[in-house]
Amino acid sequence: MLKDFREFAMKGNVVDLAVAVIIGAAFGAIVTSMVNDIIMPIVGAVTGGLDFSNYFVGLKHGVDATNLADAKKQGAVLAYGSFLTLVVNFIIVAFVLFMVVRTMNKFKRKEAAAPAEPPKPSAEVVLLTEIRDLLKKS
């Protein structure tokens with residue numbers, strides 16, 4: 001059973017998938033930072049200094065805090081600003097993945113469209129062709 005598991009784990013697809021998951025997690029952290037630290041502050045500046053991460057609606061009467069962290073301590077809140085930030089994050093990730101897949105498909109189409117060179121004749125075929133040509137001359 002251990003041998004079977006080792007064969008399964010060492011197949012190229014499993015290793016490729018593991019590498020893709022690790023790179024995807026790192027890429028997700030980069031995109032999250034880009035959205036939170038670059039894009040959303042710019043959107044906030046354009047909209048007059050609004051901070052989307054602190055947009056919430058209290059679901060109880062006792063929630064009167066001015067920021068999300070304190071409001072969550074007071075009771076249930078609907079944090080639609082955080083949701084909006086995550087939607088922007090998702091759109092960026094989806095667009096980047098779309099561009100990567102589109103580029104890969106374009107390269108695959110070019111490879112498929114390029115005609116393959118015909119294989120070179122073997123040494124026997126070359127020798128037989130020379131003999132044929134010599135016999136024609138005689």
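**Figure 1. Helix H4 and Val101.** Helices here are DSSP runs of at least four residues, numbered from the N terminus. Helix H4 covers residues 80-113, and Val101 is found in it. The model is a predicted one. Is Val101 buried, exposed or partly exposed? The class "partly exposed" lies between under 20% (buried) and over 50% (exposed). Val101 has 47% relative accessibility, so Val101 counts as partly exposed.

**Figure 2. Val101 and Ile23.** This view pairs two residues that are 78 residues apart in sequence. How far apart are Val101 and Ile23 in space? From C-alpha to C-alpha, the distance is 16 Å.

**Figure 3. Val87, also a residue of helix H4.** Val87 has its place in helix H4. Its relative accessibility is 30%, so Val87 counts as partly exposed. Phe98 lies 11 residues from Val87 in sequence. Their C-alpha atoms are 16 Å apart in space.

**Figure 4. Helices H1 and H5, with the lowest and highest mean pLDDT among the elements.** Helix H1 spans residues 2-9 and has the lowest mean, 77. Helix H5 spans residues 123-137 and has the highest, 90. Across the protein, pLDDT averages 83. A score of at least 70 is reached by 98% of the residues. Where pLDDT is low, predicted coordinates should not be read in detail.

**Figure 5. The order of helices and strands.** The protein holds five helices and two strands. In what pattern do they follow one another along the sequence? Read along the sequence, the pattern is α-α-β-α-β-α-α.

**Figure 6. The C-alpha trace and its extent.** Along its principal axes, the trace spans about 110 × 50 × 20 Å. What radius of gyration does the protein have? The value is 31 Å. A compact globule of 138 residues would have one near 14 Å.

Figure 7. Of the 138 residues, 12% are buried. The protein exposes about 11400 Å². Which atoms supply 70% of that area? Carbon and sulfur atoms do. The protein has 15 positive and 12 negative charges.

How values were computed:
Residues are numbered from 1 along each chain as its sequence is written. This is a predicted model: local features need pLDDT of at least 70, side-chain atom pairs count only at pLDDT 80 or more; totals for chains, interfaces and linings use all residues. Side-chain values use heavy atoms; hydrogens and water are left out. pLDDT is the predictor's confidence in each residue, from 0 to 100. The radius of gyration is taken over C-alpha atoms; the globule rule is 2.2 Å times the number of residues to the power 0.38. Buried means under 20% relative accessible area, exposed over 50%, partly exposed in between (1.4 Å probe, protein chains only). Accessible areas come from the Shrake-Rupley method with a 1.4 Å probe; for residues, only the protein chains shown count as cover. Lys and Arg count as positive and Asp and Glu as negative; His and the chain ends are not counted. The place of a charge is taken as NZ of Lys, CZ of Arg, CG of Asp or CD of Glu.
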